[in-house]
Amino acid sequence: MMMRLKIGKILLLCVFSCLLAAPLLASDPVTIVIEETTIEQKTKLFVYGYAEGVDRRQEVSITLSDPDAKTLELKAETNKIGNWSVEDIDIGALSDGEIAITAAITDEAGKILAQTDSMAVLDTSFNLFEFMNKHFAATIFLLMVTLLLLGFPMKIPLIAGATLGVVLLYDGDLSQMQFMIQQMMAGIRPAALIAVPMFILSADIMTRGKSAEKLIDLVMAFVRHIKGGLAVSTAGACAVFGAVSGSTQATVVAIGSPLRPRLQEGGYKDSFILALIVNSSDIAFLIPPSIGMIIYGIVAKTSIPELFIAGIGPGLLILLLFSIYSVVYAYINKIPIEPKASWSERGKALYRALWPLGFPAIIIGGIFGGIFSPTEAAAVSVAYAILLEGFIFRTMTLGDFWATSLSTGLVTAVVFILVGAGAAFAWVLSYAQVPQQLLGTIGIAEMGKYGVLFVISIAFFVGCMFVDPIVVILILVPIFAPSVHNVGLDPVLVGTIITLQVAIGSATPPFGCDIFTAIAVFKRPYFEVVRGTPPFILILLSVAVAMIFFPDIALFLRDVAFR
């Protein structure tokens with residue numbers, strides 16, 4: 001009896017234990033969840049989800065239904081942790097509207113174990129905002145080109161391009177325009193920019209006064225008697241005045257206006273004269289002080305004094321090659337020789353030019369000797385110009401100085417608007433990663449030093465054929481800065497090459513700014529101004545190529561002065 005009771009108790013305990021363990025031993029319920037659904041590029045569907053209580057590689061059936069009751073059946077499989085997905089599925093065959101998405105898991109008999117639903121909106125209609133965002137760079141470029149063709153000054157397309165970029169980047173949220181304003185203010189904040197209006201003012205004073213004329217007389221006295229001497233004198237005068245003004249356009253006005261009649265009387269064709277003046281003004285962009293180098297130094301955070309000294313070598317080389325070409329041209333075209341100046345005339349010309357020659361001595365000597373910075377040199381050049389033209393030569397009155405200051409203020413305002421707008425535009429491009437996309441397209445990451453320099457040279461040369469040099473420097477320098485750093489290029493060498501390419505582009509058709517300055521000053525048609533430019537452009541490009549393979553052309557004097 002006792003034995004039966006014990007057996008009964010044991011049986012009851014087993015049954016009770018089984019009843020308690022049954023829920024624990026039962027399999028987990030099957031569930032399925034759609035976590036995310038997205039439609040990209042109008043018709044590409046992506047669905048992501050997960051399932052619980054299923055085996056690995058469990059099949060998931062997905063059904064898509066549009067408002068017209070058209071369906072699309074898809075299959076997916078779960079991985080070892082239950083995740084599943086369908087990606088890059090073309091649903092262009094379905095109708096626009098709400099797309100019902102049903103995901104289900106079934107057993108072998110076809111019985112549904114778990115099911116879930118979600119929804120996505122298919123819209124294949126044209127959306128202008130999405131289209132512009134997709135083609136970000138092309139949209140901004142098209143807007144800027146359109147405004148330029150309509151005749152707007154360069155500052156308007158720049159500001160409009162930056163504004164459109166902010167609107168696209170922030171999905172039309174105009175409150176984010178504050179970032180563009182901040183970038184514009186940051187662009188004109190560097191203290192070194194103070195040198196720009198002061199160099200413009202000193203160049204304007206000398207252009208209105210007698211300094212340019214005395215420098216021309218000095219160069220003419222020493223070289224006019226050689227074959228092609230008048231043309232050589234013109235190139236030399238551009239180099240000397242460039243060491244005073246730092247502006248290509250000021251050089252075209254100051255040197256071209258008095259020398260063009262002399263060259264015409266000497267038997268030179270007008271097409272050659274105009275091309276010589278326009279292209280010789282490029283030397284002014286290299287010989288310090290150079291406004292282009294100041295802008296580059298600020299944007300690239302490179303030593304401006306080193307850039308100034310590095311520009312001397314290429315500038316003198318261009319002067320030499322232009323002089324050789326002028327002599328060859330004179331022999332081919334049988335240009336008569338000018339009478340040789342006596343040593344007495346040379347002495348008088350030198351004496352009269354001593355005061356104007358103080359400009360390069362003060363600027364280059366002061367910076368070279370570490371006496372003052374480029375900004376301080378600019379201030380000294382203004383004071384020196386006022387001293388010469390107002391008190392020594394007495395060619396300008398107080399009213400003349402007022403008019404010159406007003407003119408400089410207007411030019412400075414335009415320059416600073418360009419600098420601010422360029423800084424904002426460069427920020428928009430950088431934020432949208434347009435530079436990375438462009439550079440990735442041309443494969444610059446795989447290029448060596450020479451390849452990078454050639455790409456930079458081409459980009460700046462072509463850019464300045466269409467756009468103001470300051471704008472090109474502001475936009476392109478930040479784009480190429482990472483590549484310059486990655487391949488270990490000397491930023492001073494890069495800056496000198498960029499300055500030369502900018503100068504070449506400024507004198508190259510179709511829209512080089514120096515060409516239109518010459519058209520305005522000399523009242524000659526466009527094609528007459530550009531007809532004689534090809535030989536000069538080839539000489540300038542040959543110097544640019546030589547600098548790539550022989551960097552000491554630019555860096556030798558820099559190393560002597562600062563190393």
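Predicted model: local features only at pLDDT ≥ 70, side-chain atom pairs only at ≥ 80, totals over all residues.
I then looked up which residues of α18 are buried. The helix spans residues 434-442, and its buried residues are Val434, Pro435 and Leu439. Viewed along the axis of α18, these buried residues fall within an arc of 120°, so they line one face of the helix.

Next I checked the other face. Turned away from the buried side of α18 are the exposed residues Gly440 and Thr441. I also noted what comes after the helix: Gly443 follows α18, and its phi is positive, near 70°.

I moved on to a sheet. It is open, has 4 strands in the order β4-β3-β6-β7, and its pairing is antiparallel. I asked myself which strands stand at the edges. They are β4 (71-77) and β7 (112-122); each has a single partner strand, so one side of each is left without a neighbour in the sheet. On average, neighbouring strands of this sheet are turned by 20° against each other, direction ignored.

I looked at one pair in detail. Strand β3 (residues 59-65) runs antiparallel to β4 and is joined to it by 7 bridges. For Val60, I found the bridge partner in β4 to be Ala76.

Last, I noted the domains. The domain assignment of the chain gives domain 1 (31-122), domain 2 (128-190) and domain 3 (193-562). I read the distance between the C-alpha centres of domain 1 and domain 3 as 66 Å.

Key: Residues numbered from 1 in each chain as written. Heavy atoms only, no water. Domains from an automatic or database assignment. Buried < 20%, exposed > 50% of the residue type's maximum accessible area, 1.4 Å probe, protein only. Helix = DSSP H or I, 4+ residues; strand = E, 2+ residues; numbered from the N terminus. Arc of directions from axis to C-beta. Pairing = 2+ DSSP bridges. Axes fitted to C-alpha atoms, helices over the stretch in contact; angles between N-to-C directions.
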